[in-house]
Amino acid sequence: MITGERMAAVDENAEALGVPRKQLMESSGHAVARVVREVAEPGSSVAIVAGRGNNGGDAFVTARFLDDYDVTTLLLGRAENIGTEIARENWEALQAADYETREIADSSRFELPDCDVVIDAMLGTGISGDLREPAATAAEAINAADATVVAVDVPSGFDADEGDVAENAVEADRVVTFHDTKPGLEDLDAELAVADIGIPAAAEGDVGPGDVSLARPDGRDGRPYVIGGGPYTGAPALAAQAALRAGAELSFVAAPDVVAGEIQSYAEDLIVQPYENDVLTPDVAENLLETAEEYDNVVVIGPGLGTDDETLEAARQFLSSYSGRAVVDADALEVVPEIETDATLLCTPNRGELARMGGPDTDDLAAVADEIETFAADLGHVVLAKGANDVITDGERTRISRSGTPGMAVGGTGDTLAGTVAALLEDAEPMDAAAAGAHVNGLAGERLAETDELGFLASELLEEIPAVLWGETDE
């Protein structure tokens, strides 16, 4: 099962793998035509009611596969306003080949011809809520028709993310959905067919540009709260700066007063909040917990924290009592398997840290992705295991991020990853934030490797993160 939102990401990933969306549209239209042949004999009349998006484009393709039927294609709106290039090309193909088509510029003039089959291709995934004009009038006519209704991907008025159905939605007899079923389709009073349209398994299993699009911030938002520093000062500074580069509005660092000045010196953009003591202690953690809960910011805990017994007890206490969202990295990871918490944790262990947490001990994380998935299920949290190939899993779903270069073995790249994920976690779901963060961090390294294959520094990744997130994600 796949949501409409996730399906859009998979489509984009497939295109990056070399399977153009126009090719997928061709396969989709052919799949709908096959179902029409199942419900009506050649020579039957078919009315296609199409919108101006790719859902309509699928149906324009369908018309070309039904030459032995009497097909009329009704476009809701003007052809000049068709929303995508590939849908427009398929509409123009119908015009060039002299197929029967009509543009419906005014819903008051919509008239559904007498027909044996109606193909509903008005609205696809990504649209929710009650139908508006002209789709509302068209849906009323479709539902009143004495014809078999075949819906393309989902019936118009069906929410492919939540499974909700609008009161004035199209009542389909058959639904031809693509690649995988969508949440709630099986609950409809309609016969469901899932059509394989040739999307490679890697488009769903490997992280790609679609995952970045899914998690990309629309603007500046969020104020990550980095709890780290003590023995090491660069790690929390890198994490906090990466969060800013990935769209955070502000970035806070809570650190011992003996190193707060040094952390501040790395970047004037950071807001460093010193606390007394040389390391994080349980009494300090209690105060930090109050701040984190009050402001409901994403927490990053662990970078540069150290493994002092008092510090680990403080991390244990903080995470056990916390109820918000947290990226757990580096030294704080050790305590995660032994705590119970209401917090939403996203753990980012490297290979060694994963083994110490109780996960598989291996140099090839992708080869044991199933074991890491099982480990995450037992842990009850999202795991982003960092290696030559990153494995991202919530215990039910698993993805592999293959971006990155050997030069990223330099210290600090895990800290930039933690900060990037924290910024994305402000608006994205944990699994989506982790997958996109891993891919972005790796692509930033690939950009640096174009001019310096092995000699770049983690701090240099910071400059590349915005270009990857908001520029070209795959070059």
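The model is predicted, so local features need pLDDT of at least 70 and side-chain atom pairs pLDDT 80 or more, while totals for chains, interfaces and linings use all residues. Residues are numbered from 1 along each chain as its sequence is written, and side-chain values use heavy atoms, with hydrogens and water left out.

The sheet is open, with nine strands in the order 10-9-8-11-12-13-14-15-16 and mixed pairing. Strands (E, at least two residues) and helices (H or I, at least four) are DSSP runs numbered from the N terminus, and two strands pair if DSSP finds at least two bridges between them. Strand 10 (271–275) and strand 16 (398–401) sit at the edges with a single partner strand each, so one side of each has no neighbour in the sheet. Strand 13 (residues 344–347) and strand 14 (residues 382–385) run parallel, joined by two bridges; C347 stands opposite V383.

The largest pocket holds about 900 Å³ of space. A pocket here is an open set of points on a 1 Å grid over the protein atoms alone, where a 1.4 Å probe fits, with protein on both sides within 12 Å along at least five of seven lines; lining residues have an atom within 4 Å of a point. Volume is the space filled by probe spheres set on the points, which are joined across faces, edges and corners. Of the 33 lining residues, G53, N54, N55, G124 and T125 lie nearest the centre of this pocket.

The second largest pocket comes to about 700 Å³. Its 28 lining residues include K386, G387, M408, A409 and T413, the closest to its centre. Helix 14 gives the most to this lining, with four residues.
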